[in-house]
Each structure stands twice: as C-alpha cells, then as structure tokens.
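User: Please take a close look at one part of this model and describe it in a connected way. The structure is below.

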Amino acid sequence: MDIKVLKTLLTERGEPAYRLAQAKRAFFVDLGASWDSLTNYSKPLREACQENIAWDVLKEVRTVISEKGDTVKTLFECRDGQMIEAVLMRHDDGRNTVCASSQVGCAMACAFCATGTMGLKRNLAIPEIVEQVIHFSRWLKPKGEYVTNLVMMGMGEPFHNYDNVIAALRQLNDKDGLNLGARHMSISTCGIVPGILKLADEPLQVNLAISIHAGTDEVRDKFMPVNKAYPLAKLMDAVHIYMEKTNRKVMFEYLLLDGINDRKSDANALARLLAHDHRLSHVNVIKYHPTEAFEPSPRENRMAFVEWLEERGISATHRVTFGEDIDAACGQLAVQEAEGLVKQGLEAIRAKRESKK
Ligand code: SAH
C-alpha cells in the first residue's frame with residue numbers, strides 16, 4: 001500500500017486524520033487482505049481507495065520452504081513484471097528475521113554474488129520494500145508468530161536506493177504500523193561511503209553492516225569493484241565517523257574464499273584494519289555459498305579464521321547459515337531460476353487473467 005498516495009487522497013477528500021491510522025492498522029496490524037477489510041471506511045471512500053491505490057503491490061509467485069523448515073523463500077512479481085525475492089529465517093531462539101531486497105538486481109557486480117551477475121534493473125519503491133515484510137507477517141500470523149527482525153541483505157545495494165529504504169524502514173518502525181524496533185533492523189552495504197555518512201545522521205537508529213570481505217585493497221580489488229571508488233581507507237574513515245556519531249556497533253561481514261582471503265595473513269590484515277575501532281566492531285564470518293566464481297574455504301579454515309581474529313582482540317562469530325538447499329542463502333538470491341521454472345508459472349497466471357477478462 002502506498003501510504004504517501006493514500007495520505008494525499010484522504011487530504012483531498014477532506015477526510016479526518018484518523019482515517020490514515022485506520023488504514024495503517026488494517027494493513028500493518030490486522031494484516032488484512034484487501035480494501036474490503038477497512039470496514040470503518042464508508043463504501044465510497046473504500047471504492048476511491050480501491051480505484052487509486054493497490055492494496056498489495058507485490059504478487060506472490062512461489063514460496064519454497066527448506067527441508068528443515070527454518071527458511072522460507074518467496075519469489076514476488078512486481079506490477080511491472082520484475083521479479084524479486086525475500087527470505088524468512090526462523091531462528092531457534094524465536095526470532096523471525098526477514099531478509100529483504102532493495103533493488104531488482106544490483107549494479108555492484110561483486111564477483112562472488114549471484115545477484116551481481118544480473119546487473120541493475122531498477123530500484124524498489126517504498127511499498128515494494130515494505131510488503132516483503134508484510135508478506136511474511138501474514139505467513140506467520142496463523143502460527144501465532146510475527147516478524148521480529150529485518151535485514152536489508154537481499155538483492156541489491158540498499159545505499160543506492162537510500163531514500164526508499166529509509167522511508168520503508170520508517171513505515172515498518174511506525175508505532176501505528178508494524179512497530180518493528182529500529183534496533184531490530186539492519187542495513188548491509190558493500191561500502192558506499194556517502195550512504196554510511198548519511199546513516200550516521202539518520203534519526204532512525206538502525207544497525208549498519210559492512211560487507212568487508214578483505215583486509216587489504218589488494219585482495220578486495222580482486223572481487224569487489226566498489227573498492228576502486230571507495231577503497232578501504234576511505235571506507236574505514238566513514239565507519240569511524242559513523243561510530244563516533246552513533247556509538248553503535250558495526251557488523252563486518254567476511255565470507256571466506258578458498259586461497260583468496262582465508263589465510264592467517266588475511267585475518268591479521270582485517271584485525272589491523274579494525275583495531276582502531278575494535279570496541280564497536282564485530283566480524284561475522286560467513287561460509288561462501290558457491291556460485292560459479294570461487295571455491296569455499298574448508299571448514300577448518302573457517303574455524304581457524306575466527307580464532308585468529310579473536311587472538312588479535314577482534315570479536316568474531318560464525319554466521320548461522322539458512323536455506324542453502326533452496327538457494328536462499330546469502331548471494332544466492334538471483335532470479336535466474338525464475339527465468340526457467342517460474343516463467344511457466346507466470347505464463348499460466350497470465351493466461352488465467354486473460355481468460356477472466
Ligand atoms: N549489497 C549489500 C547487501 C546484499 S548482500 C551488501 O553488499 O552488503 C548480503 C551479504 O551476502 C553481503 O555481505 C554479501 O557480500 C554476501 N554474499 C554475497 N554473495 C555471497 C555468497 N555467494 N556467499 C556468501 N555470502 C555472500
């Protein structure tokens with residue numbers, strides 16, 4: 001639901017302010033299915049809304065659940081036919097984390113990332129970001145559960161779509177809406193310096209994660225083209241400013257590529273890079289989910305890498321992996337698979353729509 005358009009519509013019709021709160025309640029809290037669920041609106045008002053504002057801008061194409069049942073991945077079709085994916089991770093401790101996309105595709109072209117191979121199609125609009133979360137809220141509702149956390153770690157570079165991402169998070173944080181705590185939301189960036197600096201001044205206190213993946217420019221240059229524009233020294237200056245201003249912890253993501261960034265010297269380089277701000281730094285060591293480009297580090301190296309960092313006084317943990325069997329793990333959210341399997345499904349949907357006309 002496009003809240004901005006609704007606001008304008010309600011104002012133009014001279015409706016009282018509480019009408020907006022009623023719609024937010026129906027959409028974000030009651031998780032209603034259509035404008036019909038707004039029973040406190042008059043029929044003409046409901047019809048005007050229906051005509052001008054889509055209740056849902058995303059259409060669920062397909063949802064797959066991992067064998068363990070802890071990961072749920074949904075493929076959505078946007079109104080212009082573009083496809084995006086989002087994932088729900090159900091942690092043992094009761095957290096339900098949504099991993100949402102910020103763009104269709106991505107321009108950053110990190111060599112290890114499946115989304116990177118797609119190129120950028122376009123930015124997602126605010127309702128398209130919000131509704132990925134609402135979709136999983138609806139999915140969890142019959143189980144008596146709700147979304148507790150949100151990470152902007154799906155497809156796309158969130159800081160290339162800064163304004164829409166922040167506006168979407170604000171809507172989700174809204175007390176009249178889903179009321180998701182800002183501290184329960186994270187934005188992950190490949191290292192867009194202006195975005196980091198902007199976030200440092202953002203009133204909404206969301207968490208920041210940096211996909212660092214290397215401790216030297218020499219190594220980072222090998223697989224992250226963004227490092228040319230924002231090399232590590234510039235990136236770390238921005239992180240330092242962010243930490244100074246917010247006093248919030250920053251999570252550094254580090255995926256391990258066999259023989260490329262997983263040696264002891266790499267751990268030492270990363271530890272040196274983070275030494276200055278080690279109090280507010282935490283490294284999340286990630287298992288590389290093979291795309292086609294690299295080989296993942298063996299398990300022993302991953303274990304050792306965390307120990308090497310800890311020996312140097314850097315707090316580090318392994319990231320728990322979700323959804324590998326359904327291609328929902330980090331870097332595997334690409335729509336290639338959609339192009340084959342899902343194309344058929346879509347054609348069927350279109351044919352059905354056509355036949356209804
Ligand atoms: N563009 C943002 C958010 C999307 S990627 C960013 O770069 O942070 C989310 C995380 O998954 C990033 O840390 C990214 O580097 C990581 N990732 C990408 N491909 C991966 C792969 N094949 N295996 C494991 N992690 C991967």
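User: Where does helix α4 bend, and how are strand β2 and the strands that pair with it arranged?

Analyst: In this predicted model, α4 bends at Gln132, by about 25 degrees. The helix covers residues 126-140, and its 15 residues reach 22 Å from the first C-alpha to the last, close to the 21 Å expected at 1.5 Å a residue. Most of α4 is covered, with 13 of its 15 residues buried.

Strand β2 takes in residues 71-77 and is also mostly covered: 7 of its 7 residues are buried. Cover is found on both faces of β2. One side carries Thr71, Lys73, Leu75 and Glu77, the other Val72, Thr74 and Phe76, and all of these are buried.

β2 has pairing partners in β1 and in β3. With β1 (residues 59-65), the pairing is antiparallel and runs over 6 bridges.

β2 and β3 form a hairpin that has 5 residues between the strands, where Gly81 takes a positive phi near 90 degrees.

Methods. Residues are numbered from 1 along each chain as its sequence is written. This is a predicted model: local features need pLDDT of at least 70, side-chain atom pairs count only at pLDDT 80 or more; totals for chains, interfaces and linings use all residues. Side-chain values use heavy atoms; hydrogens and water are left out. Helices (H or I, at least four residues) and strands (E, at least two) are DSSP runs, numbered from the N terminus. The expected span of a helix is 1.5 Å times one less than its number of residues. The bend at a residue is the angle between axes fitted to the seven residues ending there and the seven starting there. Buried means under 20% relative accessible area, exposed over 50%, partly exposed in between (1.4 Å probe, protein chains only). Two strands pair if DSSP finds at least two bridges between them.
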